[in-house]
There are 4 protein chains.
Amino acid sequence: MKTVKVGSVGLGRLGYEHAKNLATQVPGCELAAICDVDANRVKEVAAELGVPNTYTDFEEMCKNPELDAIVIVSPSFLHCQQIEIAMNHGKHVFCEKPLGTDVAQCKAAEKVIEAHPDLIFQLGFMRRFDKSYAEAKRKIDNGDIGKVVLVRSYTQDPRSTIESTLKFAPHSGGQYLDMCVHDIDLIRWFTGSDVKNVWAIGGVFEFDLYKELNDADNAAATIQMENGAMGFMFTNRTHAAGSNVETEIIGTHGTLRIANVGAKNLLNIVDEHGSREEYYPDFMSRWHEAFVAEMVAFTGHVRDNTKPADLTVYDGTAVSEAAYRCKESFETGKMLPIR
Amino acid sequence: MKTVKVGSVGLGRLGYEHAKNLATQVPGCELAAICDVDANRVKEVAAELGVPNTYTDFEEMCKNPELDAIVIVSPSFLHCQQIEIAMNHGKHVFCEKPLGTDVAQCKAAEKVIEAHPDLIFQLGFMRRFDKSYAEAKRKIDNGDIGKVVLVRSYTQDPRSTIESTLKFAPHSGGQYLDMCVHDIDLIRWFTGSDVKNVWAIGGVFEFDLYKELNDADNAAATIQMENGAMGFMFTNRTHAAGSNVETEIIGTHGTLRIANVGAKNLLNIVDEHGSREEYYPDFMSRWHEAFVAEMVAFTGHVRDNTKPADLTVYDGTAVSEAAYRCKESFETGKMLPIR
Amino acid sequence: MKTVKVGSVGLGRLGYEHAKNLATQVPGCELAAICDVDANRVKEVAAELGVPNTYTDFEEMCKNPELDAIVIVSPSFLHCQQIEIAMNHGKHVFCEKPLGTDVAQCKAAEKVIEAHPDLIFQLGFMRRFDKSYAEAKRKIDNGDIGKVVLVRSYTQDPRSTIESTLKFAPHSGGQYLDMCVHDIDLIRWFTGSDVKNVWAIGGVFEFDLYKELNDADNAAATIQMENGAMGFMFTNRTHAAGSNVETEIIGTHGTLRIANVGAKNLLNIVDEHGSREEYYPDFMSRWHEAFVAEMVAFTGHVRDNTKPADLTVYDGTAVSEAAYRCKESFETGKMLPIR
Amino acid sequence: MKTVKVGSVGLGRLGYEHAKNLATQVPGCELAAICDVDANRVKEVAAELGVPNTYTDFEEMCKNPELDAIVIVSPSFLHCQQIEIAMNHGKHVFCEKPLGTDVAQCKAAEKVIEAHPDLIFQLGFMRRFDKSYAEAKRKIDNGDIGKVVLVRSYTQDPRSTIESTLKFAPHSGGQYLDMCVHDIDLIRWFTGSDVKNVWAIGGVFEFDLYKELNDADNAAATIQMENGAMGFMFTNRTHAAGSNVETEIIGTHGTLRIANVGAKNLLNIVDEHGSREEYYPDFMSRWHEAFVAEMVAFTGHVRDNTKPADLTVYDGTAVSEAAYRCKESFETGKMLPIR
């Protein structure tokens with residue numbers, strides 16, 4: 001098995017997760033380089049994971065001829081320009097969500113990727129790589145539940161981590177861009193259709209900071225798809241029981257539900273609180289295996305020179321467009337067409 | 001315990017259920033009279049249940065001085081005028097949903113009821129009398145889940161009964177009036193607030209008859225409440241697994257879910273289909289105990305001369321208004337304010 | 001519907017439940033008499049439930065010619081002699097479990113009942129009247145799970161009521177007679193076979209009183225049936241989460257599980273403890289509907305002059321024999337044949 | 001991270017799983033050698049996984065000075081002698097269950113391992129490395145459920161694979177040795193105690209071949225532990241719904257249940273069969289991650305020169321002793337002390 005050499009940029013919380021996975025969990029992959037503006041952090045992680053090449057300048061890393069591919073886990077506003085730099089140096093690119101911080105950036109990224117048809121590009125919609133979500137998709141494609149009528153998807157963050165969430169809130173882009181993009185991606189993926197109209201509502205039920213930000217701590221959006229299917233998303237920052245992402249797909253002949261009870265493991269606990277299942281404490285532990293699986297898939301594409309069939313830059317743009325429209329709908333109180 | 005004597009009008013499917021419950025399941029109640037336009041049916045049911053007085057004319061029944069109360073389970077368009085007749089004869093009234101077939105009728109019924117402050121009036125929102133729904137309400141009122149943020153409520157009819165459903169469809173008033181009124185009632189009850197804006201979407205995914213009726217076989221509505229809480233309803237005619245009514249109440253400190261798995265009984269079956277729970281085959285078996293409980297409550301109010309604290313004619317009007325607005329939103333494609 | 005007139009003896013906790021059910025929940029039944037050694041309690045309950053005839057002497061009640069049937073909910077040691085008295089006065093009899101306090105008593109009761117072939121006798125194994133248990137039996141009889149291989153049945157009492165449990169413990173007969181008789185009945189019923197060998201183990205894990213009583217606070221028994229099927233029972237006094245009775249029937253083609261999660265109602269609660277279901281707080285609330293259903297069945301048999309097809313005095317004897325053998329096995333440490 | 005070089009013997013179904021995991025899923029591990037009597041299979045697997053050294057003679061492989069450790073997945077009767085050969089060549093050893101095919105072999109293996117105190121030995125009780133089982137153990141050790149009273153553990157094989165199971169049956173050692181050893185290990189691990197008495201029952205309910213083998217297709221065993229705790233095991237070859245391993249630990253203050261519903265993934269399916277969860281199709285897919293985790297642990301011990309704290313050769317002997325006693329109990333019909 002040919003070794004795929006990867007350079008990764010960004011060593012924040014998720015950046016470190018990806019770096020560690022690339023270094024230790026992805027067969028046939030070598031984490032050959034890391035980059036971050038924080039030189040100390042680079043040194044620290046390089047020592048821990050045995051990474052031979054370290055950078056504080058992204059373009060310098062891209063010049064390294066050893067590297068086959070670049071993994072981008074930097075702040076969102078850098079994504080599009082780093083895609084361009086990496087591709088201009090002939091590197092395959094994996095980019096974390098969101099593709100860009102506005103639709104114009106996404107459109108520009110499309111142009112860059114179209115200009116490099118020989119290079120592989122994969123977006124970080126890791127939920128698709130979760131075993132349960134992947135099996136749901138297979139069952140849908142197999143016709144097990146008939147036509148898809150409604151996709152309901154929740155992304156709920158635990159109250160227990162609210163302090164760090166509030167600290168991050170002013171730079172998060174708000175609920176729809178930060179949290180709902182994954183749900184929008186799932187709704188598009190499972191319905192096989194594009195967003196037509198959105199109406200987004202919600203409010204501040206507990207944490208006043210969100211009022212100052214013109215944002216919500218509990219928010220929802222209803223989506224009408226081009227093909228008539230429906231989507232409903234709900235997201236909040238006040239979930240009592242750990243991290244909860246659950247999705248339901250109602251079809252004309254059956255319904256699929258993913259993680260509609262606590263899903264930390266197969267353990268059921270009976271005690272004075274009743275019969276109960278615990279939730280994952282945070283999104284990182286929930287999605288660890290999916291994060292690994294998407295990197296296995298990405299390095300596999302690089303090795304075999306194949307492209308992700310249905311996870312393209314256009315999905316990134318479409319999701320961003322819908323998220324922005326939700327934000328606008330929330331802010332104006334209006335039901336809005338996608339364009 | 002003083003015996004409460006009841007006369008019941010309407011001996012259709014639900015009318016018969018109520019008559020039988022009144023005759024055999026409600027302690028301290030005597031089903032003293034029944035009325036239906038179908039004289040044979042009246043005779044048949046009277047014989048089976050041992051009912052002494054039978055009528056084909058509603059007003060005649062109301063003139064019977066023995067009767068304390070009237071239970072109305074006739075076709076919807078008769079509800080409001082029968083309320084008036086019964087009250088004018090001094091009878092307490094229980095009326096099945098919907099209160100009226102349009103908002104004007106509901107307003108007229110309000111006037112009638114206001115004109116008889118000494119008489120008890122109770123509406124047939126039986127879900128509130130289901131043990132699980134009642135306990136959810138207690139927990140909410142007790143503050144167990146903090147502020148109510150979102151109420152999601154599904155009413156799904158089984159595919160297996162689609163033939164009779166289709167036959168009834170042209171006279172049903174459509175999904176929002178026929179199915180969603182219970183969900184709207186629950187959203188108002190659990191949020192403690194009134195409807196502000198609605199957006200209703202959906203479509204015909206399988207049964208073309210609904211296209212002719214300008215109706216949907218799968219429909220949803222998103223509701224924004226006056227206090228900022230949110231509601232989401234979904235209803236369909238194509239549920240693969242029996243009758244499914246499930247409701248979720250998300251609060252700032254916890255979530256309550258009612259019947260989010262098959263709920264027919266406590267039986268779990270493991271076979272070649274996996275580990276599974278069955279659903280109730282139809283709504284009648286699902287709500288049998290609630291139908292009894294609401295009659296126990298109603299006859300108790302009559303006996304004790306008390307009024308249902310929070311289930312008034314105004315709830316009936318408000319729910320009807322919202323259901324009509326959902327219908328209009330669905331038909332026009334617009335998000336609409338309640339008035 | 002002919003009214004069945006019943007006299008009930010014993011007004012303890014369960015006796016009161018039965019009396020109230022007979023008076024208010026059983027259509028076509030009149031609680032025409034009650035009897036208890038405590039004259040004040042008799043007066044109190046008669047007033048509450050409107051019972052016309054009151055007694056402190058059991059035989060006096062049986063002499064009342066109005067009465068069709070007697071319900072026996074007195075202390076266990078009186079059961080067999082009261083069956084005899086009632087039947088000698090020509091009354092149909094419902095008797096709570098256990099049939100007798102030793103096997104000799106049970107055998108004597110058999111003789112009495114055989115001597116009155118015209119009278120109906122029904123034993124208080126109310127679990128068979130629970131909807132979920134009844135449906136399990138139907139599915140088994142229908143062949144849905146093939147041959148029955150193993151029946152596992154748990155009867156767990158809540159810690160929260162331990163004080164009253166300990167007070168009652170010296171007079172309870174011990175775990176096997178007090179708790180397991182219902183499980184033994186279920187194992188015989190579901191396997192359709194008789195007990196062949198038993199081995200009972202257990203111990204005192206928390207409440208030292210049970211040591212003094214040569215009893216256990218956590219006990220199990222494994223049973224081999226004549227037809228080769230297996231039974232496993234577990235019972236304890238330390239269940240953290242309310243009252244728990246659960247039963248599993250493993251067949252060669254499928255498995256049925258009754259109440260293997262918290263079963264108080266259809267409510268699922270998500271809070272800081274995870275996703276959870278609550279248990280019934282005590283056995284009385286768990287079995288309320290089954291207690292009513294067994295009285296509906298009994299009075300129906302009396303009215304229609306039919307006999308319970310498969311719930312006879314011999315079941316009572318067989319269950320008692322097995323329970324005594326479990327007790328002996330526990331005390332001696334030996335695996336024992338039934339006789 | 002120092003690379004640990006491993007040689008693996010046995011390329012049957014489980015042997016291949018281990019080889020593939022060692023080659024591709026265990027960071028810091030190199031599968032440097034494989035051995036099997038089937039030279040073609042060795043060549044085939046070596047090509048697929050890129051293994052540099054291949055053998056058909058086990059001792060030859062052990063002579064390879066490059067290898068740090070040997071993984072034994074050969075037929076059971078070879079385990080003990082291969083442990084000796086490997087250790088005599090200075091290799092650390094991982095050995096699949098069972099330790100030996102009789103207790104004498106296990107005792108001999110103990111002597112070998114005691115003679116090499118510097119070498120690491122780990123047994124293949126992979127269930128302990130499953131996330132859910134590991135968390136159950138942590139909660140028990142943490143006192144979350146008080147004293148452990150009863151461990152119930154089921155190992156059920158799917159009917160769908162019965163043909164290959166029947167083929168393997170004559171050489172399997174029977175239900176207790178082949179299936180229950182994992183359950184016995186769990187009972188000892190969770191109760192923290194040794195087996196005192198066993199009673200094993202069961203029979204042939206469907207597949208007559210087991211009669212010829214003096215074995216059962218459905219079998220159970222009840223175990224009394226030295227400390228008074230109890231164990232109940234059930235195993236069969238006729239499970240309708242895929243592979244099912246579930247375990248329940250009842251303590252004085254709480255109960256833990258692992259996989260008591262279908263556990264293939266987080267997907268719940270609602271269709272005409274009700275609301276359901278699917279099971280893993282076979283044990284290999286159920287335990288894949290645990291198989292990887294035990295190898296990560298083993299190679300970690302080799303790298304760090306530490307010993308598995310509580311998974312020693314003596315556990316292997318104790319489990320084998322108990323399994324043999326269960327077999328003898330089943331064959332003689334007697335309850336038996338462990339020795």
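## Two interfaces in a predicted model

Let's start with one pair: the side chains of Arg13(A) and Asp282(A) meet in a salt bridge, 3.3 Å from N to O (a salt bridge is a side-chain nitrogen of Lys or Arg within 4 Å of a carboxyl oxygen of Asp or Glu). This is a predicted model, in which local features need pLDDT of at least 70 and side-chain atom pairs count only at pLDDT 80 or more, while totals for chains, interfaces and linings use all residues. Residues are numbered from 1 along each chain as its sequence is written, chains are lettered from A in the order in which they are written, and side-chain values use heavy atoms, without hydrogens or water.

Chain A is divided into domain 1 (4-119) and domain 2 (128-285 + 319-337), with bounds from an automatic or database domain assignment. Taken over C-alpha atoms, their centres are 27 Å apart. Domain 1 of chain A brings 10 residues to the contact and domain 2 of chain A brings nine (contact means heavy atoms within 4.5 Å).

About 820 Å² is buried between these two domains, and carbon and sulfur atoms give 60% of that area. Buried area here is the accessible area (1.4 Å probe) that two parts lose on being put together, summed over both. On the domain 1 side, Arg13(A), Lys97(A) and Val103(A) lose the most area, together 57% of what that side buries. Two salt bridges are counted between the domains.

Now turn to the partner chain. Chain A gives 41 residues to its contact with chain B, and chain B gives 40. The area buried between the chains is about 3,200 Å², with 64% from carbon and sulfur atoms. In chain A, Trp199(A), Phe205(A) and Met230(A) lose the most area to chain B, together 21% of what that side buries.

Two salt bridges are counted between chain A and chain B. The side chains of Glu246(B) and Arg257(A) meet in a salt bridge, at 2.2 Å from N to O. Strands 7 (148-158), 8 (195-203), 9 (218-225), 10 (230-239) and 11 (244-251) of chain A each supply at least two residues of the side that touches chain B; strands are DSSP runs (E, at least two residues), numbered from the N terminus.

Notes. Helix = DSSP H or I, 4+ residues; strand = E, 2+ residues; numbered from the N terminus.
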